[in-house]
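Please read it alongside the sequence and the structure shown here.

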Amino acid sequence: MNQFLFSTTWWIPFYSLLGAVLTLPWAMGIVRRTGPRPAAYFNLLTTFLAFIHSLFVFKDIWNGEPENFVITWFSAADLNISFALEISPVSVGATVLIAGLSLLAQIYALGYMEKDWALARFFALMGFFEAALSGLAVSDSLFLSYALLEMLTLSTYLLVGFWYAQPLVVTAARDAFLTKRVGDLLLLMGVVTLSTKAGSLNFSDLYEWAQTAELSPLTSSLLGLALIAGPAGKCAQFPLHLWLDEAMEGPNPASVMRNSMVVAGGAYILFKLQPILALSPFALRALMIIGTVTAVGASLVSIAQTDIKRALSHSTSAYMGLVFLAVGLQQGGVALILLFTHAIAKALLFMSTGSVIYTTSSQDLTEMGGLWSRMPATTTAFVVGSAGMVTLLPLGSFWAMLSWADGLALITPWVLWVLVIVNGLTALNLTRVFRLVFWGEPQQKTRRAPEVPWPMALPMVALTVVTLLVPMMLQQWYLLPSWESINWFVVAMLVSSTMLGVGIGSTIYLHKAWSRSRVLTWRLVQDLLGYDFYIDRIYKFTVVSAVALLSKISAWSDRYLVDGLVNLVGFATMFGGQSLRYSVSGQSQGYLLTIVVGISILGFFIGWSLGLLEKLPF
């Protein structure tokens, strides 16, 4: 039985794809009598099967050697397009995490979207969403990974624009799709370049090629930047980071997966490309710059947000920036641990904030307060998720950051300061959100806020327990450092930054009567951070204006030059035809005279041109 499950591991992405296909009759309105819930149950069943299958395989393969499967899709002459799959503890563990979080998010969606008329369509999109993520986890082919990233982008676009009757939702979906297209186009250029240089797009072949590859500095730098661009768009990294903030207009169950797993999918591809990126020191430096700027900048922006989901989405960009920084420093193992701990904690945070939005029908932090006594399960989930995000002993993110900063504290001490700043700002932001939502006096929308129903509470409680058990999982997998090797100075720095952030967040003056400070200096700073350093306006006056100008020039030339020339030929033809109409007499001698005159004129011009050619010196 175990051997059968192992040999059919490549089936795992097809479970959720099958669920999505079975959901289509309800999503398309073909079946109406039963309501949309049977579609949700089909999808839940297939996701549960994927979780059980991947869990059994993960248990067996943990101490085993990775294996590769090659599936030939098309072969003709010298063209051979095949899909390589990798079955390893990392890839199968990723499918366990994806299926588990997707199962909890779908159960959560049963309660959150219970009265939504398009529930079946949502579950169909979630099925495609999960299939793309699971396929990305086991893919050992850059070509297949790129195709799955495109499928993931399409699913994200459809989920963000799920409530398409709202203009703001349509704008958010469009911006998310177009922003990712920029990174995907550059990534496609890198994929094509690698195909011609290495002769194969399987990661195992690319790793062998990278060991002996000899590329010029310019080629390796451009190739590295092209390969970075795709993950940068998926992970919402500067300068392609604005889409994740706007994507919060979609349903919250989709935001749970988007902020925990979708961004991690882009970072996972970056992790697998690490040996190729190492060919270019310039690309590694670019990774470190992008990661540092995004981590610090997004952490600052998050503390000025008044929308509860946007305040958390910016912290997602910040932590993905830390992953970029880790890959740039050739710390791939630490990047994976950070992705694992962040995914679980962030999924729990978005479930708790979704419960608040479901109960209060508001996302504005200034309209909330006093929910801790009315929503105990939600409050506990938010506190545990927040503790899992920062370096608070003994939860997961503490060990991820410690194992990273410990080895680099003496070699590159500036990395430790980046971690301290991001960790402190994250603790400050989460404490601020907790005070505004759960602490203080109840507001008008929170005076009668009951706890959420069991389909939403059950996944929150389950994920709360999982978050608390993350350190035990890391210990079971031998990923925790031994007590003898711990740098206590680094521990003190990280814990102190957490305590400082919590202390400032607990004592800073927060007034709900206004969303902006009345002090001019603070208001300017708040606007600078609240509007994301005005990057969207900078884009509007630079990139958007340039594209608009080029579009106007193109439209003018198309209308007056291209169409004008065609219209001129047509007008000349019409004028000639109308003129010749009056020369029609019906007499043969008139037609013959016209032909003779025309041939004479043509012969004159030909003879004149030949005479000129004879006079030329050559």
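In this predicted model, residues Arg37, Ala39, Ala40, Asn43, Thr47 and Ala50 of helix α3 meet Leu119, Ala120, Phe123, Met126, Gly127 and Glu130 of helix α5. By class, the residues of this contact comprise 7 nonpolar, 3 polar and 2 charged.

**Packing of α3 and α5**
- Helix α3 (residues 37–61) and helix α5 (residues 119–138) have axes 8 Å apart and pack at an angle of about 20°, which makes α3 roughly parallel to α5.
- The crossing of α3 and α5 is left-handed.

**Packing of α7 and α9**
- Helix α7 (residues 167–198) packs with helix α9 (residues 217–234) at an angle of about 140°, their axes being 7 Å apart, and the two helices are therefore oblique to each other.
- The crossing of α7 and α9 is left-handed.
- Residues of α7 including Lys180, Asp184, Leu187 and Leu194 meet residues of α9 that include Leu223, Leu227, Gly230 and Lys234, and the contact as a whole has 8 nonpolar, 6 polar and 4 charged residues.

**Nonpolar cores**
- The largest nonpolar core has 148 residues, and those with the most contacts inside it are Phe122, Leu194, Leu322, Trp404 and Val437.
- Helix α15 (residues 332–360) gives the most to this core, contributing 16 residues.
- Not counting residues up to four places away in sequence, Leu322 touches Gly291, Ala295, Leu338, Met401, Trp404, Val418, Leu419 and Val422.
- A second, separate core has 8 residues, among them Leu5, Val57, Ile87 and Val96.

Notes. Residues numbered from 1 in each chain as written. Predicted model: local features only at pLDDT ≥ 70, side-chain atom pairs only at ≥ 80, totals over all residues. Heavy atoms only, no water. Core = buried A, V, L, I, M, F, W, Y, C linked by side-chain atoms within 4.5 Å. Buried < 20%, exposed > 50% of the residue type's maximum accessible area, 1.4 Å probe, protein only. Helix = DSSP H or I, 4+ residues; strand = E, 2+ residues; numbered from the N terminus. Contact = heavy atoms within 4.5 Å. Axes fitted to C-alpha atoms, helices over the stretch in contact; angles between N-to-C directions. Parallel < 35°, antiparallel > 145°, perpendicular 65-115°, else oblique. Left-handed = near helix turned anticlockwise from the far one by under 90°. Nonpolar A, V, L, I, M, F, W, Y, C, P; charged D, E, K, R; others polar.
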